[in-house]
Amino acid sequence: MTWPAGEAAFVTGAASGIGLGIARALVAQGAKVALADVDAERLAAVERELTAAGGTVTTVRLDVGDADGWTAAADAAEQAIGPISILVNNAGVNGGGAIEQTPLKSWRWVFAVNVEGQFLGVSTFLPRFKRRGGAAHILNTASVAGLLPMVNVGAYVSSKFASVGFSMALRDELRGSDITVSLLTPGTVATAINRNAAQAEAALLGTKVDEEAVEANGGVLAQGADPDLVGEQVVDAMRQRQFLIVTHREFGPLVRRVHEEVEAAFEDFDGRYGPDPAGQLMLGGADAVTRPK
């Protein structure tokens with residue numbers, strides 16, 4: 001069988017959407033999978049489904065933003081299916097609205113899941129990967145909203161930009177090792193993230209779900225890519241050690257505009273301060289920042 005047959009994977013946000021699609025694709029390729037999510041009831045249903053399909057799976061209930069829960073979740077997963085060599089940091093939420101209308105509580109919640117959850121996942125599993133040696137892989141799910149700005153979802157966009165930067169830095173820090181990194185930046189995918197996040201945020205704030213907004217946004221999401229097909233694309237890309245994984249070409253010109261604006265700012269600047277030593281070091285292939293001992 002082809003990779004990842006026999007490998008063990010830890011997938012967050014695995015109870016639905018893209019996470020479930022990735023889990024299904026991994027099982028179809030012969031991987032053992034630990035399914036992690038906050039929705040214990042849905043996790044149990046997914047475990048039954050994938051076990052019936054011939055998969056070796058286990059479940060762990062995990063709030064990815066809870067630092068105290070990660071070690072126990074990793075230990076339980078590895079006790080059940082063996083050493084993990086594939087980490088899929090997929091859990092994510094949307095929240096808030098226009099920036100001036102976003103409560104700090106919502107902002108922190110979005111970052112706790114979308115950014116801190118990925119940092120905690122890497123902090124938990126990367127030392128294990130290094131200690132054991134051999135090939136390992138980390139996938140972080142960001143969003144096309146991490147490559148270009150979108151209005152009225154400022155917390156989400158900011159967190160996904162952070163995820164992109166985190167993943168790029170991680171990739172470069174691990175360059176030359178047997179541990180590779182992939183970054184998924186999906187466009188519109190037919191998932192329930194809109195409703196799930198709205199319900200979770202309403203519970204967090206003690207408010208009611210804005211059903212009108214959920215229904216309107218849900219109509220757009222329903223027209224998106226099939227999450228199972230995205231899952232198959234992701235597993236194939238990870239097999240090829242591909243870093244950046246996109247799902248829709250339509251965003252290409254929009255991302256290009258962002259890059260053109262940045263490049264133009266550098267080209268138009270008059271260089272009044274002289275050469276930058278950090279920039280020169282990086283152009284020469286050296287690190288601009290010395291690692292603390």
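Reader: Why is alanine 91 called buried?

Author: The relative accessible area of alanine 91 is 13%. Buried means under 20%, exposed over 50% and partly exposed in between, with a 1.4 Å probe and protein chains only; alanine 91 therefore counts as buried. The model is predicted, with local features requiring pLDDT of at least 70 and side-chain atom pairs pLDDT 80 or more, while totals for chains, interfaces and linings use all residues. Residues are numbered from 1 along each chain as its sequence is written, and side-chain values use heavy atoms, without hydrogens and water.

Reader: Where does alanine 91 lie, and what does alanine 91 touch?

Author: Alanine 91 lies in the loop between β4 (86-89) and α4; helices (H or I, at least four residues) and strands (E, at least two) are DSSP runs numbered from the N terminus. Contact means heavy atoms within 4.5 Å. Not counting residues up to four places away in sequence, alanine 91 touches Thr12, Gly13, Val64, Val113 and Asn114.

Reader: What makes alanine 142 buried?

Author: Its relative accessible area is 2%, so alanine 142 is buried. This residue is in the loop between β5 and α5. With residues up to four places away left out, alanine 142 touches Lys160, Ser163, Val164, Leu183, Leu184, Thr185 and Pro186.

Reader: How do you know that isoleucine 18 counts as buried?

Author: The relative accessibility of isoleucine 18 is 11%, and isoleucine 18 therefore counts as buried. Isoleucine 18 belongs to helix α1 (residues 17-28). Beyond its neighbours within four places in sequence, the contacts of isoleucine 18 are Asn90, Leu184, Pro186, Val189, Thr191, Pro227 and Val230. The C-alpha atoms of isoleucine 18 and valine 230 are 6.8 Å apart, although 212 residues separate the two in sequence.

Reader: What makes a set of residues a nonpolar core, and which residues have the most contacts inside the largest one?

Author: A nonpolar core is a set of buried Ala, Val, Leu, Ile, Met, Phe, Trp, Tyr and Cys residues joined through side-chain atoms within 4.5 Å. The largest has 41 residues, and Phe10, Phe125, Phe129 and Ile138 have the most contacts inside it. At least two residues of this core come from each of β1 (8-12), β2 (32-37), α3 (70-81), α4 (104-132), β5 (136-141), α5 (154-173) and β6 (179-185). Helix α4 gives the most, with eight residues. Phenylalanine 125 touches Phe10, Trp70, Ala74, Glu78, Ile84 and Leu87, residues up to four places away in sequence not being counted.

Reader: Why is the pair of tryptophan 107 and phenylalanine 111 called stacked?

Author: Rings of Phe, Tyr and Trp (its six-membered ring) pair if their centres lie within 6.5 Å; planes under 30 degrees apart count as stacked, over 60 as edge-to-face and the rest as tilted. By this rule there are six aromatic pairs. The ring centres of tryptophan 107 and phenylalanine 111 are 5.0 Å apart and the planes are at 25°, so this pair is stacked. Both residues lie in helix α4, four residues apart, or about one turn of the helix. Tryptophan 107 has a relative accessible area of 31% and is therefore partly exposed. One aromatic cluster is formed by Phe10, Trp70, Phe125 and Phe129.

Reader: Why are α6 and α7 called roughly antiparallel?

Author: Angles under 35 degrees count as roughly parallel, over 145 as roughly antiparallel, 65 to 115 as roughly perpendicular and the rest as oblique. Axes are lines fitted to C-alpha atoms, for helices over the stretch in contact, and angles run from 0 to 180 degrees between N-to-C directions. Helix α6 (residues 193-205) and helix α7 (residues 211-221) pack at about 155°, with axes 9 Å apart; α6 and α7 are therefore roughly antiparallel. From α6 the contact takes Ile193, Asn194, Arg195 and Ala198, and from α7 Glu211, Ala213, Val214, Glu215, Asn217, Gly218 and Leu221.

Reader: What makes asparagine 152 exposed, and what is its phi?

Author: Asparagine 152 has 52% relative accessibility and therefore counts as exposed. Its phi is positive, about 70°, although asparagine 152 is not a glycine. Most residues other than glycine have a negative phi. Asparagine 152 lies in the loop between β5 and α5.
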